[in-house]
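Subject: Structure handover

Hello,

Here is the structure for you to look over. My notes follow below it.

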Amino acid sequence: MHHSIYLAIETSCDETAAAVVADGRRVLSSHIVSQTAIHQVFGGVVPEVAARQHVETVNEVIDIALKSAQVNPSQLSGIACTNGPGLIGTLLVGLSAAKALSWAWDVPLITIDHLLAHVCANYLDTDLEPPFIALLVSGGHTQIIHFESYSAGRILGQTLDDAAGEAFDKVARLLGLEYPGGPAIDKVAKLGDCKAFKFPEGVVSGYDFSFSGLKTAVLRTVEKLPKPLPIEDLAASFQDAVTRVLVKKTLLAQREFGVQRIVLAGGVAANSDLRRKLKEQSDVQVYFPQLEFCTDNAAMVGAAAHFCGVQASLDARAYSRN
Ligand code: KG4
Ligand code: ZN
C-alpha cells in the first residue's frame, strides 16, 4: 500500500524525463530520453533546438512512464514538474504538459525547484532523513547547503564564477574531449597521474568556491606544452584539484554544523573520484544517488514532490534562475 504516488516530469535542460515514484522513495518507473547526441555537434546545448525536441517527445515519455509503472491517473496523488531554474523554453514544455494533465485528470499540480530535486534524488531507495549537509554540484550550480528539514535548506556557500560541471565541460573542450565533458574527463583521468601537474584549488574564504582560475591555469599549461598533449595527466590533475576543494569544504561544513550525514547531488555527483574521496575522508555516512539519478531525471522530482511539495495553481510560472 502506497501513501503517495506522483507522476513527475523534468525538462529543464536537454533530457526529457518522466517517472512514477511511490512514497518519495520507490521508483515505479523512470524514463529518460537524452538529447546529448543532438547537441554534441554544437559542443553544448542549443536552447531552441532543445525546446523543440521536448515538444516532440514529452507526451510519449509520460505515456511510457505511466504504462511501465502500471499506474493509472486516478491513483495519482499529483503531477510534479520542474519549473526552474533551467532553460525557460524547455521548462515551459514540461510545465505546460503537467498543467494540461493536472486539469484534465483533476489531480494537483506540484511545481518543483530543480536544485532541490537533485538533492532529493538521495531519498530514492534509501532511508535518508534530514539533517544533513548537501554538496550540490551540477552544470549550472555549485553549492553547500545545510538541510535542517526536508524543505528548509540554507545555502552556506557557492561558486563565485563557474559551476563545477561547467569547469569540467570547459576543460574537456580544451583537451579536445567530447561534450558533456564531465564523464569524458572522469574516464580518461583514470589512466593519468593526478600529481603530474600542480593546479591551484582556487583560494576563496568560507564555503564559497571559484573555478575560473583553475580553468585558466589549465589553459596556460596546455598552451605551453608540446603536442600531443598528455590528456590523461592533465585530466587527472584538473579533476583532483576540483574534487579536493569540494571535499575539503563539504567536510568542514559537516563538522561545523555537527550533522551525521553528507549528501552528494547533481551531475558531478556521478564523478568517481569525488565519490571515492568523500567516502574515504568522511567519518560520517555519505549518500549519493545511483548514477542514473545523478544527472537530470524525473524520479528525483517525484521524490521532491513527496517530501517538500506544495500544490501550485494552474497559472504557475517557470523561471530561468533563482
Ligand atoms: O545535473 P546535471 O545533469 O544538469 C544540470 O542541472 O546542470 O549536470 C550536468 C553536469 C555536466 O556539466 C556534466 O559534465 C557533469 O554534470 N557530469 C560530470 C560527470 N557526469 C556528469 N562531471 C564529472 N564527472 C562525471 N562523471
Ligand atoms: Zn540538473
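Start with the ligand. A polar backbone atom of Gly165 is 3.1 Å from an oxygen atom of ligand 1. That is a polar contact (a pair of N or O atoms within 3.5 Å; within protein, one must be able to donate a hydrogen and the other to accept it, and residues adjacent in sequence count only if both atoms are side-chain atoms).

Before more, the ground rules. This is a predicted model, where local features need pLDDT of at least 70, side-chain atom pairs count only at pLDDT 80 or more, and totals for chains, interfaces and linings use all residues. Residues are numbered from 1 along each chain as its sequence is written, chains are lettered from A and ligands numbered from 1 in the order in which they are written, and side-chain values use heavy atoms, with hydrogens and water left out.

Asp169 has a polar side-chain atom 2.7 Å from a ligand oxygen. For His118, a side-chain N or O atom is 2.9 Å from an oxygen of ligand 1. On its own, ligand 1 has 550 Å² of accessible area (Shrake-Rupley method, 1.4 Å probe). The protein covers 88% of that.

Next, the cores. A nonpolar core is a set of buried Ala, Val, Leu, Ile, Met, Phe, Trp, Tyr and Cys residues joined through side-chain atoms within 4.5 Å. Buried means under 20% relative accessible area (1.4 Å probe, protein chains only). The largest core has 47 residues, and Phe199, Phe211, Phe238 and Leu246 have the most contacts inside it. Elements that give two or more residues to this core include strand S6 (132-137), helix H5 (164-174) and helix H8 (231-257). Helices (H or I, at least four residues) and strands (E, at least two) are DSSP runs, numbered from the N terminus. H8 gives the most, with 12 residues. A second, separate core has 35 residues, including Ile112, Leu115, Val119 and Cys120.

Now Gln143. It sits in strand S7 (142-147). Gln143 counts as buried because its relative accessibility is 6%. Its side chain makes a polar contact of 3.4 Å with that of Gln158. Setting aside residues up to four places away in sequence, Gln143 touches (heavy atoms within 4.5 Å) several residues, among them Leu115, Leu136 and Ile155.

Last, helix H10 (299-308). Nine of its 10 residues are buried. Met300, Val301 and Phe307 are among them. Their cover includes strands S1 (5-10) and S5 (109-113), and helix H4 (114-120).

Best wishes

Notes. Buried < 20%, exposed > 50% of the residue type's maximum accessible area, 1.4 Å probe, protein only.
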